[in-house]
Amino acid sequence: MSRVLVVNAGSTSLKLSAVDEGGAWERLDSLERVPAKVAAVAHRIVHGGPRFREPVVVDEEVEAAFAELGELAPLHNPPALAALDEARRALPNLPHVAVFDTAFHATIPDEASAYAVPRRWREEWHIRRYGFQGLSVQWASERVRVPRLVVCHLGGGCSVTAVSDGRSVDTTMGFSPLEGVPMATRSGSIDVEIALHLIRTGKLGLEEVERALESESGLLGLSGTTARVEELERSGDAAARLALDVFAHRVAAAVAAMAVSLGGLDAIVFTAGIGEGSARVRSDVCRRLSFLGVELDPDANAAARPDADVAAPHTAVRVVVVQAREDVVAARAARALLGLPAQAAIEPLVTRRT
């Protein structure tokens, strides 16, 4: 049975896993411990820009083109490209395939992807909403197959995406992974005049503003102590409560906005570290969405382990906790592109129209 090595480089971490044809995976410590029967390497690349909307076999020309995309996602693409270069040197005899987080969002219509900025910005400089975390959203949409789905990927980075019949139609992250709901250390959307004001008045320099918005804001900035939700939940500090309240409020507001793009709501998915691990966050978000018919089963939510439906039995809108498996999607894409034996079909958890 052939395997695909998946290289998932984030802004602060590197995850390596070998995924077989059945979707089973083995976590690896380093490229020096790659097991036998690995037939290819799949690389998660955060930003594909306007050019890369499909998986692509990596060669020198493609890797050079990737380098130009670094400025679009300065925290994410450079580590991914460094990992790509290291893997190609360590495993030169295997084909390497790049799979893009932005690709799943290529179906977002113009009304949702266009910013209200001058035409030159949009047409010459490709300023638009790209969307991110697409591999995770795609996996969630395959596990929960309903016509009108909202996926809340809540981890170190956070996004909320509207998926209509399996296609992304709107999402909170935009030109960069900084936009949208608050995250662990990223601010999410703020009034752009705040940054301009701080720079214009000399209070902060450009690099200081960038560092603050990327690394000192979000849950960390609100609490002043930690970005870890489990620590905030244990704290009795007012700032910790504020951080959790702001986070739940913004995520719930984003879900409601995505329901507008979908014309209704059949299911909500919570995935990634916070989405899978925090019953309180799920409860706080869903409580704010009760006007849309969202209601949790408190016991099921408290005891939930992915993958699980935690909605109250009588409600029309399902609420599902799904384990994030970007590696399966990346490995499958590499297999399809290279003509390797196909991966086993995904068994959906929820399929019915509710």
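This is a guided tour of one predicted protein model, stop by stop.

Before selecting anything, note that residues are numbered from 1 along each chain as its sequence is written. Because the model is predicted, local features need pLDDT of at least 70 and side-chain atom pairs count only at pLDDT 80 or more, while totals for chains, interfaces and linings use all residues; side-chain values use heavy atoms, with hydrogens and water left out.

**The whole protein**

The secondary structure comes to 14 helices and 12 strands; helices (H or I, at least four residues) and strands (E, at least two) are DSSP runs, numbered from the N terminus. The radius of gyration is 20 Å, close to the 20 Å of the globule rule for 354 residues, so the protein is as compact as a globular protein of that length. That radius is taken over C-alpha atoms, and the rule is 2.2 Å times the number of residues to the power 0.38. Along the principal axes, the C-alpha atoms fill a box of roughly 55 × 55 × 40 Å.

Of the 354 residues, 52% count as buried. Buried means under 20% relative accessible area, exposed over 50%, and partly exposed in between (1.4 Å probe, protein chains only). Contact means heavy atoms within 4.5 Å. Among contacts between residues at least 6 apart in sequence, 66% join residues at least 24 apart.

**Strand E1**

Select Arg3, which is found in strand E1 (residues 3-9). Arg3 is partly exposed, at a relative accessible area of 25%. Leaving aside residues up to four places away in sequence, Arg3 touches a set of residues including Val19, Glu26, Lys37 and Arg335.

Most residues other than glycine have a negative phi, and most peptide bonds are trans. The next stops depart from that pattern.

Go to Gln133, in the loop between helix H4 (119-124) and helix H5 (134-143). Gln133 is not a glycine, yet has a positive phi of about 60°. Is Gln133 buried or exposed? Gln133 is buried, with a relative accessible area of 8%.

Then select Asp165, in the loop between strand E8 (158-164) and strand E9 (167-171). Phi of Asp165 is also positive, near 50°. Asp165 counts as exposed, at 58% relative accessibility.

**Cysteines**

Show the cysteine side chains. The structure holds zero disulfides, a disulfide being a pair of cysteine sulfur atoms within 2.5 Å. For Cys152, the nearest cysteine sulfur is that of Cys286, 8.0 Å away. Cys152 is buried, with a relative accessible area of 0%. For Cys158, the nearest cysteine sulfur is that of Cys152, 9.5 Å away. Cys158 likewise counts as buried, at 0% relative accessibility.

**Helix H7**

Select residues 206-215, which form helix H7. Which residues of H7 are buried? They are Val209, Ala212, Leu213 and Glu214. An α-helix has 3.6 residues a turn, so residues three or four places apart point the same way.

**A cis peptide bond**

End at Pro306 and Asp307. A cis peptide bond joins Pro306 and Asp307, with omega about 0°. Asp307 is found in the loop between helix H13 (298-303) and strand E11 (308-309).
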